[in-house]
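Open the model in your viewer and keep the selection panel at hand. The stops below say what to pick next and what is there.

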Amino acid sequence: FYDIILIPSLEEYFTICCESVLQQNILVSRTREGAGYPSYQCFKIKGKEIFINDILKYYLFRLENEGFCYTKIKIFADAFYKLCGWGFHMHHPFQLWIKKFIQNPYFFQQQNSFWLLKPGEPKQPITEDYFLFACYIAISHIKHESSQGKHIANQIFSMITRLGSDLPNELQKHGSGSLPEEIMYYQDSLVSCKANDVLAEITIIFKEEKEEAFCKALLFLCQLLKYGFPSSYTFTFKSRKLKFLPISNLPKKDANHFFAKAVQWPSLHEQIEKYARLAMKESAFYNDRENEGSAMPGTFAVFALGLEDEKHHKLVCDYLKICDAENQTVQAYFLWTYIQKYRLTHKAIELYDLCTNNMSLLPRKLLTLRREIKERKTFYKSVFKYKPDDL
């Protein structure tokens, strides 16, 4: 874990780099490329190139020697994230820290079994600072990863709970506290909205299904996502009458229900698109997808607007360019319905090409259109003189 500090001559550079991260006056760069050596993200200090993940590992090591303090590591980790974002460079050091200070000292694993507490009293009781940082790591996984991140977080929470801490239970009840209460909760005579960033759950309940209620709910969703709510989340919407988008095979999730109703008011379309653009993130998904197709957050908002009017064509294109086609196929259901409504316009052909580019296998009924699409492209080029990029 801490092998990087075995070279004393480098400690000065690591120390300077840590201080620069805290002061936010250093930029992420790339290592020099060489034969057989790819380029990696690094910090450059006095002519030295230091891998960014090594800086986080070094700071954890230094803090352990000085006396572990949750406040200090949280400040550093937050500053590190602002510079580098989430990725292997944070995930891996965090994973190693959990193994070294939580998992290996207190748990053992029998073959094909869950992690079990080691028998007897622990050699050294774990302090509250360690519990707090372990929970910080768990919440980071929930916030920045998909359902796999939530699975990792639940494992961490389980271990901490079995070590005697009530912190996971409190966090799951009330959230992390990192988002303002007015962002997490809203209630009036029309609508009740609440969110929990630790559980990655959003719940919206209407008392009256009016345009104003949907407007307030959309405003709540946009504000929530602006403040850094987890990218993957469960969306729960409760109302009296069910309504879903007219797309065959599309999962009948609550988000489908919500946007199928919200789109009926043209005055809300701008707000719906705003939500979609905030929600759309590659490799993120709605978590409520048991036995149903995966869908990136924003999916049902995009589909609702896309079917409502072709003027939302750019939004649909932007969505198709970033959706994770390896793990979701619902865009093919949308495309078929779109073509049935608008026929093979040049815009429909562009959507078809985007789906072809990011899906390894299209449904058979879409593949049957290949010949007609090819003929249409030739027609559009000759009659309307469209450039290739327009098609």
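## Stop 1: an exposed loop residue

Select Asn249: at a relative accessible area of 56%, this residue is exposed. Exposed means over 50% relative accessible area, buried under 20%, and partly exposed in between, using a 1.4 Å probe and protein chains only. Asn249 sits in the loop between strand S9 (234–238) and helix H10 (254–262). Helices (H or I, at least four residues) and strands (E, at least two) are DSSP runs, numbered from the N terminus. Asn249 and Gly293 are 44 residues apart in sequence, and their C-alpha atoms are 9.0 Å apart in space.

A word on the source. The model is predicted, so local features need pLDDT of at least 70 and side-chain atom pairs count only at pLDDT 80 or more, while totals for chains, interfaces and linings use all residues. Residues are numbered from 1 along each chain as its sequence is written, and side-chain values use heavy atoms, with hydrogens and water left out.

## Stop 2: the whole protein

Zoom out. The protein has 17 helices and 9 strands. Its C-alpha atoms fill a box of roughly 75 × 60 × 45 Å along the principal axes. Of its 391 residues, 48% count as buried. Take the contacts (heavy atoms within 4.5 Å) with a separation of 6 or more: residues 24 or more positions apart account for 62% of them.

## Stop 3: Ser39

Select Ser39, in the loop between strand S1 (29–30) and strand S2 (41–45). Is Ser39 buried or exposed? Ser39 counts as buried, at 18% relative accessibility. Show its side chain, which reaches the backbone oxygen of Thr31 at 2.9 Å. Leaving aside neighbours within four places in sequence, Ser39 contacts Arg30, Thr31 and Glu33.

## Stop 4: two positive phi angles

Most residues other than glycine have a negative phi. Select Lys46, in the loop between S2 and strand S3 (48–51). Lys46 is not a glycine, yet its phi is positive, about 50°. Lys46 counts as exposed, at 60% relative accessibility.

Next, select Arg343, in the loop between helix H14 (330–342) and H15. Arg343 is not a glycine either, and its phi is positive at about 65°. Arg343 is exposed, with a relative accessible area of 53%.

## Stop 5: H13 on H15

Select helix H13 (residues 313–322) and helix H15 (residues 346–358): their axes come within 9 Å and cross at roughly 10°. Axes are lines fitted to C-alpha atoms, for helices over the stretch in contact, and angles run from 0 to 180 degrees between N-to-C directions. H13 is therefore roughly parallel to H15. Angles under 35 degrees count as roughly parallel, over 145 as roughly antiparallel, 65 to 115 as roughly perpendicular and the rest as oblique.

Show side chains. From H13, His313, Val316, Cys317, Leu320 and Lys321 meet Lys347, Glu350, Leu351, Leu354, Cys355 and Asn358 in H15. By class, this contact has 6 nonpolar, 2 polar and 3 charged residues. Ala, Val, Leu, Ile, Met, Phe, Trp, Tyr, Cys and Pro count as nonpolar, Asp, Glu, Lys and Arg as charged, and the others, Gly among them, as polar.

## Stop 6: H5 on H7

Finish with helix H5 (residues 128–144) and helix H7 (residues 167–174), which pack at about 40° with axes 10 Å apart. That makes H5 oblique to H7. Which residues of H5 meet H7? Glu128, Phe131, Leu132, Cys135 and Ile139 in H5 meet Leu167, Pro168 and Leu171 in H7. The contact of H5 with H7 has 7 nonpolar, no polar and 1 charged residues.

Key
A polar contact is a pair of N or O atoms within 3.5 Å; within protein, one must be able to donate a hydrogen and the other to accept it, and residues adjacent in sequence count only if both atoms are side-chain atoms.
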